[in-house]
Amino acid sequence: MKLYSYFRSSAAFRVRIALQLKQLDVEILPVHLLKNEQQAATYIEINPSGLVPTLLDQGQVLTQSLSILEYLEEQYPQVNLLPKNVLQRAQVRAFAQHIASDIHPLNNLRVLRYLKKQLHVGEDAKNNWYRHWITQGFDSLEQQLQQHSTTGQFCFGDQVTFADCCLIPQVYNAKRFDIDLSAYPLIQSIDQHCMQIKAFQQAAPEQQPDWNI
């Protein structure tokens, strides 16, 4: 099993967390986004979107982080990352997709690059853009966590789920941009608890082979 990854990619971070939680052996193949290695012909041949992550398993190519999580959940069910209850599974997926579909796409690297290089947005304005969408998204996530009767050490009770795999990388990025998280006590508590777990620690950007490249 091989994972094309970039250490700071929150989408790749999600998949790395799941792989660690499921204790799957994987070879990390760095794709340096700042050096545009994702646009190399050899990589485009594997993943025409030119994005990370890309998972290679059993001769098959899988893209898009949430689809990869679903694949891992079905193919390697020894550690479950979805609840057994049908309604809770839907709630977990909705929470994860809120991050992956509504928050992250507005703030990923190619969007920030376009704002700066094509639209000539200044550094301060670019960072304000980033903070605006993170804050708006976290306002909603915190409220959802308050409303869920199952919120505990993790987003949904005492079991790690897709929701946590998506939340922790987004919190990591928020910290990188110096966003004040004091208004989100539940998000902060879940982040602190998760980052005490070895699987989350090993999946973190600082532990990746391309951290210092």
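These questions and answers cover the salt bridges and paired strands of a predicted model.

Visitor: What kind of model is this, and what pLDDT do side-chain atom pairs need?
Guide: Residues are numbered from 1 along each chain as its sequence is written, and side-chain values use heavy atoms, leaving out hydrogens and water. The model is predicted; totals for chains, interfaces and linings use all residues, local features need pLDDT of at least 70, and side-chain atom pairs count only at pLDDT 80 or more.

Visitor: How many salt bridges are there?
Guide: A salt bridge is a side-chain nitrogen of Lys or Arg within 4 Å of a carboxyl oxygen of Asp or Glu. Side chains of opposite charge can pair when their charged atoms come close. By this rule, the count is five.

Visitor: Which residue forms a salt bridge with R93?
Guide: The closest N and O atoms of the pair are 2.7 Å apart. The partner of R93 is E70.

Visitor: Which helices hold R93 and E70?
Guide: Helices are DSSP runs of H or I with at least four residues, strands are runs of E with at least two, and both are numbered from the N terminus. R93 and E70 lie 23 residues apart and link distant parts of the chain. R93 is in helix 4 (residues 86-103), and E70 is in helix 3 (residues 65-75).

Visitor: Is D191 buried or exposed?
Guide: Buried means under 20% relative accessible area, exposed means over 50%, and partly exposed lies in between (1.4 Å probe, protein chains only). D191 forms a salt bridge with K175, and K175 is partly exposed at 46%. D191 has a relative accessible area of 5%, so D191 is buried.

Visitor: How many bridges join strand 3 to strand 4?
Guide: Two strands pair if DSSP finds at least two bridges between them. Strand 1 (residues 2-5) and strand 3 (residues 54-57) run antiparallel, with three bridges. Strand 3 and strand 4 (residues 60-63) also run antiparallel, and their bridges number four.

Visitor: What is the bridge partner of T54 in strand 4?
Guide: T54 is in strand 3, where it stands opposite Y4. In strand 4, the bridge partner of T54 is T63.

Visitor: Which residue takes a positive phi in the hairpin of strand 3 and strand 4?
Guide: This hairpin has two residues between the strands. The positive phi is near 50 degrees, and the residue is Q58.
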